[in-house]
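This briefing covers selected loop residues, helix packing and backbone features. The sequence and model come first, and the notes follow by topic.

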Amino acid sequence: MVNLYGYQPPEKFLWQGRHDGPEALRLHEVVHCTDVQFGLALPKHAIVLIGFASDEGVKRNLGRPGAADGPLAWRKALANLPVPEGLTRPIFDAGDITCLENDLEQAQAALGLLVALVLEQGGFPFVCGGGHEVAWGQFLGIAEKGFDRGLGIVNLDAHYDLRPVLEGNKGTSGTTFSQMLDHQNAKGFPFYYACAGIQPQGNTIALHQKARTLDVLVIPAEEIDHAPHLLEPFIDLAQHLYFTICLDVFNSAFAPGVSAPQVLGITPTQALPLIRKMAGTGKLFACNIAELSPSYDRDQMTARLAAALTLEILRLLPSN
């Protein structure tokens, strides 16, 4: 038995939709639900979907809550999408880690354990939050399995999320990459961080200065069209890549259902070349999508966007 704090097994009833025959499969027809409490046995190169039902980090960051419901909306939006050509890896839904009684740190630790289990078996953990605190929880599993050495971290986001942790060493949705920085410094590893989609009005002068001091590769939102080219040297130097997408990088016309909507954000079409670049590198081994907040969504627009981006990444992953 595997005992994980706040663990909720996957709900098979969420994976339902149209049936158009064996030659026209939809995602709900190929996803396997697995309750990791009874152990995890994955076939080679499996994709494992995990939810992180938390907005405690958003609350601590004084943002508007609601992202704890993100994983549910994400699965519902994924379920009826057609299986695209190129998606050959088996897909598993491993359920959710839920933040209970505001204990974000224990929830993040549990997520790290689950991610480590997936990585140990050669799986690809794809996590949906929840606030952007999901990225630190996933990182804990990455570090547990030794992928923090030679790691390149790429964040598609309007914000650096390099804020200092709160009193008592408590993190928020805005401290994720500061926590990664502290971890890498403690291990003697370089902090190799790129952030694309940065909005000037979304970050203080101090945060811009901190990013410069840390030699963060910064790609402002207005330069997002050049991101694939600008990232090439970064990708070449990394041994392996961890990719995180915060949905508030997108213009609020396309992504209203986020914790911090962006009126000057980028469009999904602008982001696709960067996303495709990351998925096709052969170095990407873990990914997440953060800040899906369904209570602020319109016509499931943001959930559908999260699902479409997920499928775009999964179809472009190398088959081995």
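Beyond its neighbours within four places in sequence, proline 84 is in contact (heavy atoms within 4.5 Å) with Leu311 and Arg315. The model is a predicted one: local features need pLDDT of at least 70, side-chain atom pairs count only at pLDDT 80 or more, and totals for chains, interfaces and linings use all residues. Residues are numbered from 1 along each chain as its sequence is written, and side-chain values use heavy atoms, with hydrogens and water left out.

**Proline 84**

- Proline 84 sits in the loop between helix H2 (70-79) and S4; helices (H or I, at least four residues) and strands (E, at least two) are DSSP runs, numbered from the N terminus.
- With 21% relative accessibility, proline 84 counts as partly exposed; buried means under 20% relative accessible area, exposed over 50%, and partly exposed in between (1.4 Å probe, protein chains only).
- Proline 84 and glycine 112 are 28 residues apart along the chain, and their C-alpha atoms are separated by 30 Å.

**Valine 58**

- Valine 58 is part of helix H1 (residues 56-60) and counts as buried at 2% relative accessibility.
- Apart from neighbours within four places in sequence, the contacts of valine 58 are Gly63, Arg64, Pro65, Gly131, Glu133, Ser173, Ser259 and Glu291.
- From valine 58 to alanine 68, ten residues on in sequence, the C-alpha to C-alpha distance is 9.7 Å.

- H3 has 17 residues, which at 1.5 Å a residue should span 24 Å, and its end C-alpha atoms are 24 Å apart, in agreement; the expected span is 1.5 Å times one less than the number of residues.
- The buried residues of H3 are Leu104, Ala107, Gln108, Ala110, Leu111, Gly112, Leu114, Val115, Ala116, Val118 and Leu119.
- An α-helix has 3.6 residues a turn, so residues three or four places apart point the same way.
- The axes of H3 (residues 104-120) and H4 (residues 134-144) come within 7 Å and cross at roughly 45°; axes are lines fitted to C-alpha atoms, for helices over the stretch in contact, and angles run from 0 to 180 degrees between N-to-C directions.
- H3 and H4 are therefore oblique to each other; angles under 35 degrees count as roughly parallel, over 145 as roughly antiparallel, 65 to 115 as roughly perpendicular and the rest as oblique.
- H3 and H4 cross in a right-handed sense; a crossing is left-handed if the near helix is turned anticlockwise from the far one by less than a right angle, and right-handed if clockwise.
- On the H3 side the contact is made by Gln108, Ala109, Leu111, Gly112, Val115, Ala116 and Leu119, and on the H4 side by Val134, Trp136, Gly137, Gln138, Leu140, Gly141, Ile142 and Glu144.
- By class, the residues of the contact of H3 with H4 are nine nonpolar, five polar and one charged; Ala, Val, Leu, Ile, Met, Phe, Trp, Tyr, Cys and Pro count as nonpolar, Asp, Glu, Lys and Arg as charged, and the others, Gly among them, as polar.

- The axes of H7 (residues 227-237) and H8 come within 9 Å and cross at roughly 25°, so H7 and H8 are roughly parallel to each other.
- The crossing of H7 with H8 is right-handed.
- Ala227, Pro228, Leu231, Glu232 and Ile235 of H7 meet Pro273, Leu274, Lys277 and Met278 of H8.
- The contact of H7 with H8 holds seven nonpolar, no polar and two charged residues.
- For H8 (residues 268-279) and H9 (residues 301-316), the axes come within 9 Å and cross at roughly 30°, which makes H8 roughly parallel to H9.
- H8 and H9 make a right-handed crossing.
- Pro268, Leu272, Ile275, Arg276 and Ala279 of H8 make the contact with Leu305, Leu309, Glu312, Ile313, Arg315 and Leu316 of H9.
- The contact of H8 with H9 has eight nonpolar, no polar and three charged residues.

**Backbone features**

- Glycine 129 and glycine 130 are joined by a cis peptide bond, with omega about 25°; glycine 130 lies in the loop between strand S5 (124-129) and H4.
- Asparagine 102, not a glycine, has a positive phi of about 65° and is in the loop between strand S4 (91-98) and H3.
- Aspartate 161, also not a glycine, has a positive phi of about 55°.
- Aspartate 161 lies in the loop between strand S6 (151-156) and helix H5 (176-187) and counts as buried at 10% relative accessibility.
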